[in-house]
Structure formats: structure tokens, C-alpha cells
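Subject: Structure handover

Dear colleague,

Here is the structure I said I would pass on. My notes on it follow below.

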Amino acid sequence: MPFGECTITLQDVAYQLGLPIDGEPVSGCLTDFESLMKHGRPTWVWFRELFGELPPQNKVKQMTVCYTWFHERSRVLPADASEETVRIYARAYILMLLSSQLFADKNANRVHLCWLPYLASLDELGRWATYLPRNDVVGERVMFARLSLDRLRVHDFVWEPYSSVEVVAVIHSEILVDEHRRLWTAITSLIYFAAIEWHQVDRVLPQFGGVQHLPQPALNIDWLHAKDGRGGDRWFPKYFQEWHEHWENRLYLVIPVDRVLDPGPSAEYLDWWCRVAHRFLFPEVAFQDLRPIVLIEEARHRRSSQAPSKVQVYDRPDNRRVDRRRRIGTRTTD
């Protein structure tokens, strides 16, 4: 944003999806997930039980099912649907949501069945959501969103939206249980099979009611972002052992946040941010001024809180090209 960073955190996952954020990572082996099936049942036996039928053979490829098959058969819930039918439709919707939106990859037209073990019991998911109708003015929405972000000022932005009475009235009480809440400020790895992300909340402390001081540099994990689990299956807890260990040690990586009445960026942070950041989405020609950072008076008094402790993790840049040349040689290296 023009005056700092914000990002998706485990707190957002808890509030917006109603999902528990503690527990074992979603990992393992993409072709060996059958070992997770209850009582060792084969994948397709369990598929029929969870979804009521099997897809046609031409809609199946190894351990994936064509997305359009799920979409066509579960697009509209029958008006006289039984409770079990509602559950089947809910499982199909969640499976499509996970595969195409939350954890999408290049294979966007297929749904991987590795999610079956996590769909067996809807009662344990505790999801809640409100349907938002879709319209086709995507371009206009994008332009409006960019302009809205560029025109934001510090006082326009609500750093802690979940503290409102309206939100508190509709959330599940278990979201606020300390067992889960304490992980909101853990600097740790988030794991989905071959995908690794870094939960670097020390850069967005105002989202937790604190003052934003100069943060650690963003962790460069381009090498991990290039992994998609293809090209030979692996047991990912061993292949990515270091990152699994970060998650296992998550309780020791929670940073304390010194809460203040007026969370936001410090004067030191704003000065640094103005010098180093790409702060706007639209080019400067779209505005009549240079859009300077306005150093508000409150920021001058945000120096008293203590900066969080640092978690030492090393960068993992994308060295695929270098590694390839080292393996096969080039004209210069022979």
C-alpha cells in the first residue's frame, strides 16, 4: 500500500474460512495418499462413498478427475435435496475450491484426489461462508480496486477489521481459543505438499495491533516456489525436512506483539518505505502530484514499542539454471 505492507495471515484463514490452523501439515506423497484412507480402503471405493458415484472413465486421468465433471454435476443443489445430498454437494464444492482457487497449479482443469482424506468428515472442518454473486465487469473492478489502493491514506485503512462488533457476532468461538490464536504471529513455514510459503508476519505487525518497525528483508524462496511436485514423486516431509521442522517448532517461533492504541507504521518505517518501495499500482502520470508519504503526527510517537525478535532463516534463490549447467556442462565448462 502507499504507506506499508499488509498480507494474508493465519488469522485471516481462521476468521474468513473458519478452519483450524494448528495441526499436522498437509503433506506426504501425491501418489501414496491412499495410505491415509480410513481402514486402508482403495481411493475409488472411498470416492464413491463420499460423492455418491464414480466419474466416467474419460473424465479420469491417474489420480485426477476432470474439473468440469464436478462442476456440471454439482452446480445447482436440488430444492428437495436430502441432508446426505447436501453433504455430497458440499464436498464437491470444497474439493473444487481447494484445487482451483486456494491451491491452484498449472493443471487447472483437473481436480487431484489427494484431498479425499481431508474431506471425509465435514463436521471437523467447521467452515462457514456467504455467497457473493458473480458479475462480468472484471476489468472495471480491477481498475477501481487499484485506484482505491493508491488513494489510501493511513487513517483510511482498518488494520484490525476483525475487532468490530459485527465480526465478533458471527465467528466461531473456537477461532479465539489460545491453542490456535497464538499461532497468528508465528514466523514459520506454511506447507501444502510440494508448495512452501513463509508466514513472515514481522512485516505486518499493525494487523495484530502493533507498531511497524523496519522489518527483516523478505525471504527469497524462489527455488521453493518453482516446485510443483511433478517430475517424480517424493515423500515431501523428508525432501523438505528443514521446512517441516520450522512448522514443527512453530510454538517457539511466535513473536510477541507490543499492542498499542493506535497501530500503524512508525516514522522511521515510513521514511524507509518511501525510499525503497514501489508504492503505487498506477503510473505517476495518472496523478497530478508525486503522491508523497504524509508523515502524520501519530507516527512520530510510535517509537516506544519494542521491535519483535528476529528469526534467522537463509534465502533460497532460484538456482535451477545454474544447477542445470553444472550437471550437463556447457561450451565454456565442457
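I begin with the sheet. Three strands make up an open sheet, ordered β1-β2-β3, with antiparallel pairing; two strands pair if DSSP finds at least two bridges between them. Strands β1 (60-61) and β3 (110-112) are at the edges with a single partner strand each, so one side of each has no neighbour in the sheet. Strand β1 runs antiparallel to β2 (residues 64-66), and 2 bridges join them. Lys 61 has Thr 64 as its bridge partner in β2.

Some background on the numbers. This is a predicted model, in which local features need pLDDT of at least 70 and side-chain atom pairs count only at pLDDT 80 or more, while totals for chains, interfaces and linings use all residues. Residues are numbered from 1 along each chain as its sequence is written, and side-chain values use heavy atoms, with hydrogens and water left out.

The chain has 14 helices and 7 strands. Both are DSSP runs numbered from the N terminus: helices are H or I with at least four residues, strands are E with at least two. Of its 334 residues, 37% count as buried, where buried means under 20% relative accessible area, exposed over 50%, and partly exposed in between (1.4 Å probe, protein chains only). Among contacts between residues at least 6 apart in sequence, 73% join residues at least 24 apart; a contact is a pair with heavy atoms within 4.5 Å.

Next, the hairpin. Strands β4 and β5 form it with 2 residues between them, and Phe 193 in the turn has a positive phi of about 50°. The two strands run antiparallel and are joined by 5 bridges, with β5 covering residues 195-199. Leu 190 has Glu 197 as its bridge partner in β5. In β4 (residues 188-192), 4 of the 5 residues are buried, so the strand is largely enclosed by the rest of the structure.

The largest nonpolar core has 53 residues, and Phe 47, Phe 51 and Trp 198 are among those with the most contacts inside it. Such a core is a set of buried Ala, Val, Leu, Ile, Met, Phe, Trp, Tyr and Cys residues joined through side-chain atoms within 4.5 Å. Elements that each supply at least two of its residues include α1 (10-17), α4 (83-102), β4 and β5. Helix α4 gives the most, with 5 residues.

Last, the aromatic rings. There are 20 aromatic pairs in the structure. Rings of Phe, Tyr and Trp (its six-membered ring) pair if their centres lie within 6.5 Å; planes under 30 degrees apart count as stacked, over 60 as edge-to-face and the rest as tilted. Phe 47 and Trp 69 form a tilted pair, because their ring centres are 6.2 Å apart and the planes are at 35°. This pair links distant parts of the chain, 22 residues apart: Phe 47 is in helix α2 (residues 43-51) and Trp 69 in helix α3 (residues 67-73). Phe 47 is buried at a relative accessible area of 0%, and Trp 69 is buried at 10%.

The rings of Tyr 192 and Phe 193 have centres 5.3 Å apart and planes at 80°, so that pair is edge-to-face. Both Tyr 192 and Phe 193 are buried. Ring pairs also link Trp 44, Phe 47, Phe 51, Trp 69 and Phe 70 into a cluster.

Regards
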